[in-house]
Amino acid sequence: EHQAELRCLYMHQNCVKRIEGLEGCPKLNTIQLSNNGIRRIENLACLPKLATLQMGNNHLRSADDVRHLLACPDISVLDLQNNHLDDVGVLDVLEAMPNLAVLHLHGNPVVSKIQNYRRTVVSRVKSLTYLDDRPVFEEERLATDAWAIGGLPAEREERRRQRDQKAAAHRRNLEYMMALSK
């Protein structure tokens with residue numbers, strides 16, 4: 001209750017078993033809870049400004065263990081790597097997070113359970129700009145959206161359309177430069 005102005009809380013590697021006692025810190029923006037023994041994400045709804053939550057290397061297993069994330073709509077950076085998540089329902093929770101831009105999910109058994117993992121996650125989590133080890137660029141998003149609608153042929157067609165569009169822009173630029181040099 002004496003930390004009402006606290007913005008960042010670093011509690012990684014502290015044998016924390018449960019998230020609690022944060023009601024007096026309404027301005028918290030970042031919480032680092034990696035490498036603890038936490039089994040469930042809870043008691044964060046009292047943090048309206050929470051944008052970054054790092055929960056890597058804990059003991060989260062199911063969609064129910066992370067469902068409380070839906071009470072934190074401003075979370076944009078979420079690290080869940082190297083937990084024990086094996087429930088594909090986790091993807092439903094992540095998809096429902098409106099501002100989720102950066103997600104680290106690798107190191108969880110669920111990754112191998114989600115067919116076409118990267119394509120599926122990128123196509124379902126619309127606000128994502130970074131997944132695991134690399135960014136999600138607009139070209140990839142368009143291709144994965146096409147894949148989600150029409151499968152691999154649609155994705156290939158979208159990638160061909162993007163190549164043609166880039167080539168046409170390059171030609172226009174070249175023609176413009178040639179016209180300037182006359």
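Helices, here H or I runs of at least four residues, and strands, here E runs of at least two, are DSSP runs numbered from the N terminus. Read in this way, the predicted model shows a protein chain with five helices and seven strands, and from the N terminus on these elements follow the order β-β-β-α-β-α-β-α-α-β-β-α.

The overall dimensions of the chain come next. Along its principal axes the C-alpha trace spans about 70 × 40 × 25 Å, and the radius of gyration of the protein chain is 21 Å, whereas a compact globule of 182 residues would have a value near 16 Å. Of the 182 residues, 41% count as buried, while the chain exposes about 10200 Å², of which carbon and sulfur atoms supply 53%.

In soluble globular proteins, nonpolar side chains tend to be buried together. In this model the largest nonpolar core has 41 residues, and Leu44, Leu78 and Leu94 are those with the most contacts inside it. Helices α1 (63-66), α2 (90-95) and α4 (117-124) each supply at least two residues of this core, with the largest share, four residues, coming from α2. The surroundings of Leu78 can be followed in detail: leaving aside neighbours within four places in sequence, Leu78 is in contact with Leu53, Leu69, Leu94, Met97, Leu100, Val102, Leu103 and His104.

Two places elsewhere in the chain deserve a visit. Arg134 lies in strand β7, which covers residues 134-135, and Arg134 counts as partly exposed because its relative accessibility is 41%, between the limits of 20% for buried and 50% for exposed. Apart from its neighbours within four places in sequence, Arg134 is in contact with Arg118 and Glu140. Lys27 is 107 residues away from Arg134 in sequence, and the C-alpha atoms of these two residues are 30 Å apart in space.

The other place is Met177, whose position is in helix α5 (residues 138-180). Since its relative accessibility is 51%, Met177 counts as exposed, the cut-off for that class being over 50%. Together with Tyr176 and Leu180, Met177 makes a nonpolar surface patch of about 360 Å².

Definitions and conventions
Residues are numbered from 1 along each chain as its sequence is written. This is a predicted model: local features need pLDDT of at least 70, side-chain atom pairs count only at pLDDT 80 or more; totals for chains, interfaces and linings use all residues. Side-chain values use heavy atoms; hydrogens and water are left out. Patches are made of residues with over 30% relative accessible area and no salt bridge: like charges are joined within 9 Å, nonpolar side chains (Val, Leu, Ile, Met, Phe, Trp, Tyr) within 5 Å. Accessible areas come from the Shrake-Rupley method with a 1.4 Å probe; for residues, only the protein chains shown count as cover. A salt bridge is a side-chain nitrogen of Lys or Arg within 4 Å of a carboxyl oxygen of Asp or Glu. Buried means under 20% relative accessible area, exposed over 50%, partly exposed in between (1.4 Å probe, protein chains only). A nonpolar core is a set of buried Ala, Val, Leu, Ile, Met, Phe, Trp, Tyr and Cys residues joined through side-chain atoms within 4.5 Å. Contact means heavy atoms within 4.5 Å. The radius of gyration is taken over C-alpha atoms; the globule rule is 2.2 Å times the number of residues to the power 0.38.
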